[in-house]
Amino acid sequence: MTAIPITIRVQAEPFDSEAEVASLTAGRTDVGAVVTFQGLCRSEGGSLAALELEHYPGMAEAEIRRVAEAAAARWPVLGLAAIHRHGKIAPGAPIVLVVATSSHRQAAFEAAAFLMDFLKTRAPFWKKEHHADGREGGWVDARETDDAAAARWGGNDA
Amino acid sequence: MRLLYFAWVRERIGKTEETVDLPAHVRTGADLLAWLKTRGEEYDHALERPDVIRLAMDQMHIRQDETIAEAREIALFPPMTGG
């Protein structure tokens with residue numbers, strides 16, 4: 001069991017990355033490194049009006065937590081947060097936030113990358129495109145490059 | 001058993017969830033997909049490539065060759081595209 005703070009949320013509303021960082025750093029002096037990652041919705045050259053994120057309530061939170069626990073077991077991180085939005089998201093708006101804190105930078109960098117890589121391949125979310133010209137959009141296909149990114153961390157970590 | 005469908009699997013089958021009584025011969029995830037395919041055109045269309053369908057049993061990922069005998073809830077969905 002890990003004793004570090006792990007915040008996992010799936011929500012429709014935007015997140016406040018500064019507030020999430022503050023919640024992992026306030027009142028402590030052992031944190032020497034904070035890595036944050038935010039994934040934003042792209043317009044794909046203006047063709048995309050919005051992404052619609054569907055998720056599996058309950059499993060989405062549980063699966064992200066399993067990945068975070070695996071990251072906490074592998075690196076000496078002091079805190080982790082992962083927040084993923086669902087619903088319709090406009091180009092330029094944030095979709096996902098990951099925060100990792102540690103005493104030294106390497107653990108926070110690697111844990112944040114690991115968390116994102118496995119979140120993409122294991123957390124039950126699906127993106128549907130809505131086109132700017134009103135055409136019915138399709139479901140986004142999973143990318144082999146995402147599987148490869150997760151595979152670089154080795155076997156059965158998450 | 002409760003079945004849940006997501007993304008294009010949900011759209012093609014035309015429902016978000018249903019409760020089914022499994023025939024005795026359905027033991028694994030692959031058995032479930034093969035049986036569901038026989039339940040109508042919409043299922044056959046949704047599951048036309050069963051190899052790409054992902055399964056979760058009681059909100060944990062499973063492989064298609066794993067047993068589902070003890071499951072309360074099975075979810076069927078395409079490969080994930082979050083993040």
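Visitor: Why is Thr28(B) called buried?

Guide: This is a predicted model, and in it Thr28(B) has a relative accessible area of 18%. Buried means under 20%, so Thr28(B) counts as buried.

Visitor: Where is Thr28(B) found, and what does Thr28(B) touch?

Guide: Look in the loop between β2 (17-19) and α2 (29-37) of chain B. Leaving out residues up to four places away in sequence, Thr28(B) touches Gln64(B), Asp65(B), Glu66(B), Thr67(B) and Ile68(B).

Visitor: Okay, on to the two chains. What makes Glu11(B) and Lys128(A) a salt bridge?

Guide: Their closest N and O atoms are 2.5 Å apart.

Visitor: How many residue pairs are in polar contact across the interface?

Guide: The rule finds 16 of them between chain A and chain B, with both residues at pLDDT 80 or more. On the chain A side, α3(A) gives the largest share of the residues touching chain B, with 5 residues. That side divides into 14 nonpolar, 4 polar and 8 charged residues.

Visitor: What area is buried between chain A and chain B?

Guide: About 1900 Å², and carbon and sulfur atoms give 56% of that. Three residues stand out: Tyr56(A), Trp126(A) and Trp139(A) supply 35% of what chain A buries against chain B, more than any other three residues.

Visitor: And how many residues does each chain bring to the contact?

Guide: Chain A brings 26 residues and chain B brings 19 residues.

Key
Residues are numbered from 1 along each chain as its sequence is written. Chains are lettered from A and ligands numbered from 1 in the order in which they are written. This is a predicted model: local features need pLDDT of at least 70, side-chain atom pairs count only at pLDDT 80 or more; totals for chains, interfaces and linings use all residues. Side-chain values use heavy atoms; hydrogens and water are left out. Contact means heavy atoms within 4.5 Å. Buried area is the accessible area (1.4 Å probe) that two parts lose on being put together, summed over both. A salt bridge is a side-chain nitrogen of Lys or Arg within 4 Å of a carboxyl oxygen of Asp or Glu. A polar contact is a pair of N or O atoms within 3.5 Å; within protein, one must be able to donate a hydrogen and the other to accept it, and residues adjacent in sequence count only if both atoms are side-chain atoms. Helices (H or I, at least four residues) and strands (E, at least two) are DSSP runs, numbered from the N terminus. Ala, Val, Leu, Ile, Met, Phe, Trp, Tyr, Cys and Pro count as nonpolar, Asp, Glu, Lys and Arg as charged, and the others, Gly among them, as polar. Buried means under 20% relative accessible area, exposed over 50%, partly exposed in between (1.4 Å probe, protein chains only).
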